[in-house]
Amino acid sequence: MSNRLLAVERVSLAFGGVQVIRDVSFDILEGEIRAIIGPNGAGKTSMLNLISGLYHPQRGAIVLKGIRYDRLRPRVAATNGVARTFQNIALFKGMTTLDNIMSGRILKMHANFLCQLVHYGPARAEEIRHRQFVEKIIDFLEIQHIRKVVVGRLPYGLQKRVELGRALAAEPDLLLLDEPMAGMNLEEKEDMSRFILDLNAQFGTTIALIEHDMRVVMDLSSRIVVLDHGEKIADGTPEQVRANQAVIDSYLGVAR
Amino acid sequence: MPGQSEGPAEDTFPKLLRRNARIFAERTAMREKDLGIWQTWTWTDVLERVCALAAGFAELGVARGDRVAIIGDNRPRLYWSICAVQMLGAIPVPVYQEAVAPEMAFVLRHAEATVAVVENQEQVDKVLEILGAGAGIRHIVYDDARGLKDCRERGVVSLDSIENAGRAVLQRDDGRALWLEREIDRGGGGDISVILYTSGTTDRPKGVVLTNSGTIWAAHAAKLFDRLTEDEEVLAYLPMAWIGDHMFSYAQWLVIGYCVNCPESRDTVVENRREIGPTYVFAPPRVYENLLTLTMVRMQDASWLKRTMFAYFLGVARRCGEAILDGRPVALVDRLRYRLGSILVYGPLKGRYGLSRIRVGYTAGEAIGPEIFSFYRSLGLNLKQLYGQTEAAVYITNQPDGEIFPDTVGRPLPGIEVRIDETGEVHYRSPGIFREYFNNSEATAASKTTDGWVRSGDAGLIDQHGHLKIIDRFKDVGRLANGSLFPPKYIENKLKFFPNIKEAVAFGDGRDYVACFINIDLIAVGSWAERNGVVYGSYQELAADPRVYDMIKDHVAQVNRELAAEPRVAACQIRRFLVLPKELDADDGEVTRTSKVRRAFVCERYAPLIEALYDSGCRHRQIRIGVTFEDGRKGLLEGEVQIAEMPEGLAEGALREAAE
Amino acid sequence: MDALADIFIDPFVQMAANPVFLVKVIWEGLVAGMLYALIALGFVLIYKASGVFNFAQGIMVVFSALTLVGLHERGLPAYAALIGALLVMLLLAIAVERLILRPLVNQPDITLLMATIGLTSLLIGLGEIVFGGEPKTMITRELGLPSGSIRLMIADRPLVLQKLDIAAGATALLLITALAVFFQRTRIGRALRAVADDHQAALSVGISLNQIWIIVWFTAGLVALVTGIMWSAKSDVSFALEIIALRALPVLILGGLTSIPGAIVGGLIIGVGEKLGEIYWGRLVGGAIDSWLAYFIALIFLLLRPQGLFGEKIIERV
């Protein structure tokens with residue numbers, strides 16, 4: 001339970017002259033649900049981008065599964081079991097739900113190029129195996145009815161679910177969720193919370209999430225890190241964070 | 001019975017299953033789509049599974065006469081559980097899976113169920129909640145283990161473990177297998193086969209007690225009537241607690257031996273229907289309405305060429321489709337046009353909705369709009385109406401092939417007698433009728449006459465063809481203040497036949513004029529709004545849009561014209577109406593689980609709005625009502641509802657016309 | 001009335017009068033259309049994968065053909081020269097990815113377009129320096145391409161088909177089929193479709209954009225080489241050939257910049273339409289019809305189908 005899956009070590013990030021993240025450190029333990037909260041512009045999404053390798057810090061490093069990376073590449077993060085969803089949904093809008101989720105398995109496909117070309121032998125068996133795995137995800141997320149629907153046509157809440165499905169297809173060790181419930185109605189939020197909890201409980205997936213709905217955050221997460229203006233102002237269990245004066249002043253007090 | 005050939009020799013459902021495993025053996029009995037693939041079970045498989053379940057239930061303590069609740073969507077193992085329970089001589093009680101806890105509590109308590117077989121975690125939670133309220137459930141058995149792995153509640157077990165335990169016992173102990181065989185033999189035709197609770201539109205649900213012999217008789221009578229065979233394919237997607245599903249997906253499944261298919265999930269029914277292509281279909285009108293609405297919406301978005309072709313060939317179908325279906329003479333040119341239309345339009349359309357292989361399709365439960373009915377028939381679908389009730393094990397009257405009139409429900413099946421009593425109420429009598437209402441002798445006495453007739457509660461008449469025509473619920477037919485007849489359902493149905501109107505509630509009994517509530521159909525009106533640039537943020541906003549009101553006004557005017565043309569109801573001109581800001585919802589108790597409006601409850605709940613409808617000075621009214629979300633939580637809906645007035649001129653003119 | 005008859009009746013009378021000739025015209029149109037389709041395909045591939053309208057596509061056709069002939073002139077056997085030309089196109093793809101796409105990622109489209117214009121000048125210059133500027137003859141025979149023609153008798157009328165045209169048609173068909181299978185079936189194909197749809201999403205599932213870019217530019221180079229061989233077999237290899245890129249424009253208007261089937265069907269429609277127009281309607285407007293007819297055809301189609309040939313109405317929901 002207490003193995004460090006990932007650590008952010010004294011990381012700083014700036015765009016031009018703007019300091020987005022300033023000397024932040026925290027870690028994510030195996031099997032936990034870790035929330036990153038903070039007011040708008042606190043650097044939460046930038047933090048996720050650092051962890052998934054889309055940004056590289058000017059100072060500090062990301063330690064993933066015990067290996068230290070000064071410049072973590074997205075592909076390296078992905079091959080090491082980091083999968084994510086995006087705040088604004090980055091799905092392949094022209095593809096079906098099934099193809100989108102299948103694309104999440106792209107790193108797991110190994111069959112010989114020529115075999116794939118003729119759709120034969122090991123490649124065929126591999127395709128079937130991947131499809132079976134993807135069907136389990138579809139069943140898990142209860143999206144059977146949109147299996148063959150082009151995702152661009154789906155309502156927002158379902159798109160979020162498909163995006164989660166694609167992240168799951170990579171069988172991630174660490175799942176990064178950027179505001180998984182933004183723009184959802186109450187019922188969709190409850191479904192999503194249920195999926196996140198089930199994932200964590202049944203498959204032991206470690207999850208790091210950004211979320212604005214405090215009720216959801218307090219219910220779901222085991223530990224919370226609070227950012228404000230790029231700096232870490234608190235880190236601890238929901239109870240500790242709720243009682244933290246700095247957090248109340250800068251965030252909870254204002255937002256709620 | 002007179003005029004009927006003998007039914008099957010087997011007099012109970014478990015015996016029928018045993019017979020099917022013998023004579024149909026390796027034929028497919030059931031399919032279910034799971035993880036994207038259709039899984040199949042042969043009759044031999046099903047018998048083995050059901051026996052294992054029965055032995056497992058026996059281990060759990062289920063015994064002859066016990067009531068076992070079955071709650072969930074159409075899953076194969078829930079159907080098998082029904083049969084397994086019957087094997088032991090216990091009585092299955094299917095319960096509407098969408099019922100909220102208090103409703104479910106009533107049924108479970110009233111039926112004195114001791115075991116509940118449920119589909120998934122949601123139902124387990126619901127039953128656990130009820131357990132606290134003192135229902136006598138000892139065990140909850142769940143089919144789908146998701147989210148229940150860590151459930152440590154006492155008495156909650158998985159259907160897997162029951163089945164495995166049962167199978168182990170049967171394999172270990174030959175005596176036990178023999179015992180189970182004897183238990184099956186012990187059952188008889190006079191035994192209770194099932195108790196189905198009717199979702200009463202007025203009062204508490206009543207448990208209709210059906211016997212093996214009655215249900216088997218009815219299933220067999222319908223088999224003869226439509227010459228059904230073991231080659232039929234049926235899709236099981238309607239609530240298991242509804243007599244319609246119980247007859248089509250269970251009783252006739254065993255009596256006829258055809259294949260029943262369970263969809264992947266509730267949301268994939270249309271897609272799964274397309275994959276299976278059922279040959280024998282039973283659906284309430286709503287299903288057909290939805291498909292038609294979906295088609296029309298799709299066509300609005302289609303290319304010009306497709307739209308033109310669609311419109312042209314639908315015209316051809318309207319002109320001669322039904323005549324061709326009924327085998328009446330049709331000009332050769334039209335025949336050719338129709339043939340071309342089949343290739344270009346009707347075929348693909350039917351294929352799209354999985355209706356291409358239909359031999360016999362029924363609509364029942366509610367009146368179907370004549371336009372919708374004709375639409376499907378003109379495409380070459382043998383869609384028919386039947387009139388049935390839970391108390392009759394469905395069948396009272398059916399439309400025979402070639403004798404289809406949209407406004408009647410056909411004639412009695414052989415062996416069923418129908419009469420209209422002096423007050424105009426429809427009565428019927430047959431070997432298929434129910435024994436009694438469970439633990440409710442008062443209601444039984446009120447419904448069954450001493451000489452074995454059942455009062456249907458519907459007002460009707462028999463027309464010159466010998467066909468039955470249903471007018472309305474017997475007790476709902478009222479009078480306007482001036483004494484003229486007011487059949488609310490009749491008017492509501494006319495309104496509901498417009499795709500834009502999902503539900504309507506008409507008022508007028510003892511009043512000066514007719515007024516009504518309208519519920520818009522979100523799919524149809526939503527699509528219309530999209531096309532016409534009407535922006536809306538919620539159902540409530542859309543419902544209040546003046547352009548929506550204008551559209552509904554046109555529909556109401558059309559209905560008024562139709563009513564004016566019929567002398568009997570010409571006085572029932574709709575003077576004022578309003579569009580409700582929320583959909584009438586079963587969770588709020590406004591409609592039953594089978595989507596029938598609970599009139600009395602709606603009247604009470606929306607009393608201020610009704611008052612406003614009859615207050616001629618009132619143009620709008622503020623309301624505040626509670627709503628229940630799908631997860632059972634409560635909320636509050638507030639807003640202003642506009643009252644629309646129909647132009648006087650038309651109504652008066654029509655009245656005068658009618659009076660002349 | 002006469003004018004109307006000239007436009008709407010006479011040409012069809014002529015077609016009906018000599019159907020074998022009509023078949024010949026259509027055949028020639030199809031062969032030309034197939035080549036248009038290949039050129040358009042080059043544009044589409046690159047646009048889909050990297051969002052760049054590759055101004056240099058035309059010059060890539062010339063450059064690849066020039067490389068092939070040039071290598072042969074320097075003593076390489078024909079097939080070795082072919083492989084050599086392919087290698088050069090691969091190097092070009094890698095260079096483009098390294099020197100243009102990677103540094104310019106996330107820059108405005110116009111920047112990338114300017115970069116490909118720069119690439120055009122660069123390739124022209126490079127070609128002239130290395131292989132000289134004078135026109136060269138394509139090494140058709142050395143590559144084993146057939147010459148001459150076959151005569152078919154249909155209903156007592158002769159139909160003459162160039163063997164080279166048949167070979168060109170067959171090669172183009174083969175290439176297109178191979179590409180289609182490649183993009184449908186393989187992991188790389190799936191990745192390419194993913195990249196074409198959404199860069200960020202593609203990155204997040206672990207697809208390497210750089211790798212895809214190289215593959216796509218190389219594929220475009222391969223298509224350019226094939227086009228170059230076929231086209232120059234009929235004339236010469238010279239920088240004047242660059243203008244055939246213009247032929248692809250109406251095809252792109254018709255088929256859309258993002259649709260591979262659109263490029264193919266669009267190419268065929270334009271090819272056949274152009275030939276029919278030139279033969280049967282050409283004299284009405286004094287002959288110089290081929291310079292604008294393709295655009296005219298594209299325009300008419302767009303009036304009937306505003307979303308393009310295979311364009312889907314994308315319903316964006318928020």
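**Exercise 1. Find which strand runs parallel to β1(B), and how many bridges join the two.**

Step 1. In this predicted model, start from β1(B), residues 28-34 of chain B. Two strands count as paired if DSSP finds at least two bridges between them; strands are DSSP runs of E with at least two residues, helices are runs of H or I with at least four, and both are numbered from the N terminus.

Step 2. The parallel partner is β11 of chain B, residues 259-262, and three bridges join it to β1(B). Within this pairing, B:Glu32 has B:Cys262 as its bridge partner.

A word on conventions: residues are numbered from 1 along each chain as its sequence is written, and chains are lettered from A and ligands numbered from 1 in the order in which they are written. As the model is predicted, local features need pLDDT of at least 70 and side-chain atom pairs count only at pLDDT 80 or more, while totals for chains, interfaces and linings use all residues.

**Exercise 2. Work out in which sense β1(B) and β2(B) pair, parallel or antiparallel.**

Step 1. β2(B) covers residues 37-42, and its pairing with β1(B) is antiparallel, over six bridges.

**Exercise 3. Determine which of the two touching pairs of chains has the most contacts.**

Step 1. Residues are in contact if their C-beta atoms, placed from the backbone, lie within 7 Å. Chains B and C do not touch, with their nearest C-alpha atoms 9 Å apart.

Step 2. The pair with the most contacts is A and C. Here 24 residues of chain C meet 29 residues of chain A. On the chain C side, α8(C) gives the most, with six residues.

**Exercise 4. Describe how α3(C) and α11(C) are arranged relative to each other.**

Step 1. The axes of α3(C) (residues 19-50) and α11(C) (residues 244-255) come within 8 Å and cross at roughly 75°. Axes are lines fitted to C-alpha atoms, for helices over the stretch in contact, with angles from 0 to 180 degrees between N-to-C directions.

Step 2. The two helices are therefore roughly perpendicular, a label for angles of 65 to 115 degrees.

Step 3. Residues making the contact include C:Phe43 of α3(C) and C:Val251 of α11(C).

Conventions:
Parallel < 35°, antiparallel > 145°, perpendicular 65-115°, else oblique.
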